[in-house]
Amino acid sequence: MVAAKKTKKTHESINNRLALVMKSGRYTLGYKTVLKSLRNSKGKLVIIANNCPPLRKSEIEYYAMLAKVGVHHYNGNNVDLGTACGKYFRVCCLSIIDPGDSDIIKSMPSDH
Amino acid sequence: MVKFLKPNKAVIILQGRYAGRKAVIVKSFDDGTRDRAYGHCLVAGIKKYPSKVIKKDSAKKTAKKSRVKCFIKLVNYQHLMPTRYTLDVDLKDVVTVDALQSKEKKVGAAKETKARFEERFKTGKNRWFFTKLRF
């Protein structure tokens with residue numbers, strides 16, 4: 001495998017950071033709004049669930065490459081990502097517009 | 001965080017009559033206008049791609065095969081797929097929103113972009129832009 005197995009500790013830290021963003025920052029959930037945020041260059045980090053359809057994943061990654069925005073592949077499916085966001089629905093992809101108090105943008109792209 | 005829907009960006013039209021065609025952004029309206037309250041842009045695209053030219057072709061045949069038919073359109077950002085390619089052909093003076101108001105102006109502008117596209121095609125540059133997208 002290319003990526004090393006994510007340890008439980010880093011996984012929890014992503015969840016913590018995400019929870020802080022949900023509380024204090026601005027974000028959008030869902031494919032359409034993620035693309036919108038990338039087009040108007042508001043998005044700063046994109047998080048994609050691991051069961052995102054491969055075509056959609058590639059498309060979001062391509063947009064993020066054009067916009068020079070980091071993409072984080074979340075270690076969990078859309079159900080888990082929805083729970084991590086504190087929502088009761090599935091979230092396949094989300095875009096962080098303003099991280100608030102969180103340092104998710106500074107720490108995540110190096111982590112990957 | 002970089003704006004990429006800028007003039008000279010090559011894009012692919014995804015919806016409408018011209019779906020699957022390549023186009024170049026001439027002018028972008030990020031915040032929309034009064035008539036179109038969404039992000040959209042003015043594009044000049046290829047309606048009919050130039051055919052494949054082989055060495056055996058006579059000069060007359062090459063000229064006929066290298067023809068490009070163009071279209072000018074205002075397209076919503078949602079109906080475009082941006083690419084990493086750019087096409088720097090100066091179309092700002094020819095392709096304007098004003099040119100879309102009447103049929104004659106539109107035809108005149110399309111003729112002028114056709115001339116510029118054909119000229120660019122003949123130099124052999126931007127080959128990706130002038131090849132048909134296979135799907």
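β1(B) and β2(B) run antiparallel and are joined by 3 bridges. My strands are DSSP E runs of at least two residues and my helices H or I runs of at least four, numbered from the N terminus; two strands pair if DSSP finds at least two bridges between them.

Housekeeping before I go on: this is a predicted model, so I kept local features at pLDDT of at least 70 and side-chain atom pairs at pLDDT 80 or more, while totals for chains, interfaces and linings use all residues. Residues count from 1 along each chain as written, chains are lettered from A and ligands numbered from 1 in the order written, and side-chain values use heavy atoms without hydrogens or water.

**Sheet**

I looked up the strand order next. In chain B, 5 strands make an open antiparallel sheet, ordered β4-β3-β2-β1-β5. β4 and β5 of chain B are the edge strands, each pairing on one side only. Neighbouring strands are turned by 35° against each other on average, direction ignored; axes are lines fitted to C-alpha atoms (for helices over the stretch in contact), and angles between N-to-C directions run from 0 to 180 degrees.

Which helix from chain A packs on the sheet? I found α3(A) there, touching β1 and β5 of chain B, with its direction at about 50° to that of β5(B). Contact means heavy atoms within 4.5 Å. From chain B, α2(B) lies across β2, β3 and β4, at about 115° to β4(B).

**Cores**

I then listed the nonpolar cores, meaning sets of buried Ala, Val, Leu, Ile, Met, Phe, Trp, Tyr and Cys residues joined through side-chain atoms within 4.5 Å. Buried is under 20% relative accessible area, exposed over 50%, partly exposed in between, with a 1.4 Å probe and protein chains only. The largest core has 30 residues, and L38(A), V46(A), I60(A), I13(B), V43(B) and L80(B) touch the most other members. α3(A) gives the most to this core, with 5 residues. I also noted a second, separate core of 22 residues, including A10(B) and V95(B).

Back to L80(B): leaving out residues up to four places away in sequence, its contacts include Y63(A), I13(B) and V75(B).

**Rings**

How many aromatic pairs turn up over all chains? My search found 7, taking Phe, Tyr and Trp (six-membered ring) with centres within 6.5 Å, and calling planes under 30 degrees apart stacked, over 60 edge-to-face and the rest tilted. Y18(B) and F71(B) are stacked, because their centres are 3.8 Å apart and their planes at 5°. Y18(B) sits in the loop between β1 and β2 of chain B and F71(B) in strand β4, so the pair ties together parts 53 residues apart in sequence. Y18(B) is buried at 9% relative accessibility, and F71(B) is buried at 3%.

F117(B) and F130(B) are edge-to-face, with centres 6.1 Å apart and planes at 80°. Both F117(B) and F130(B) are buried. One aromatic cluster holds F117(B), F121(B), F129(B) and F130(B).

I checked charges over rings too (NZ of Lys or CZ of Arg within 6 Å of the ring centre and within 35 degrees of the ring normal). K22(B) lies over the face of W128(B), 3.9 Å from the ring centre, and the charged end of R56(A) sits over the ring of Y31(A), 4.5 Å from its centre.
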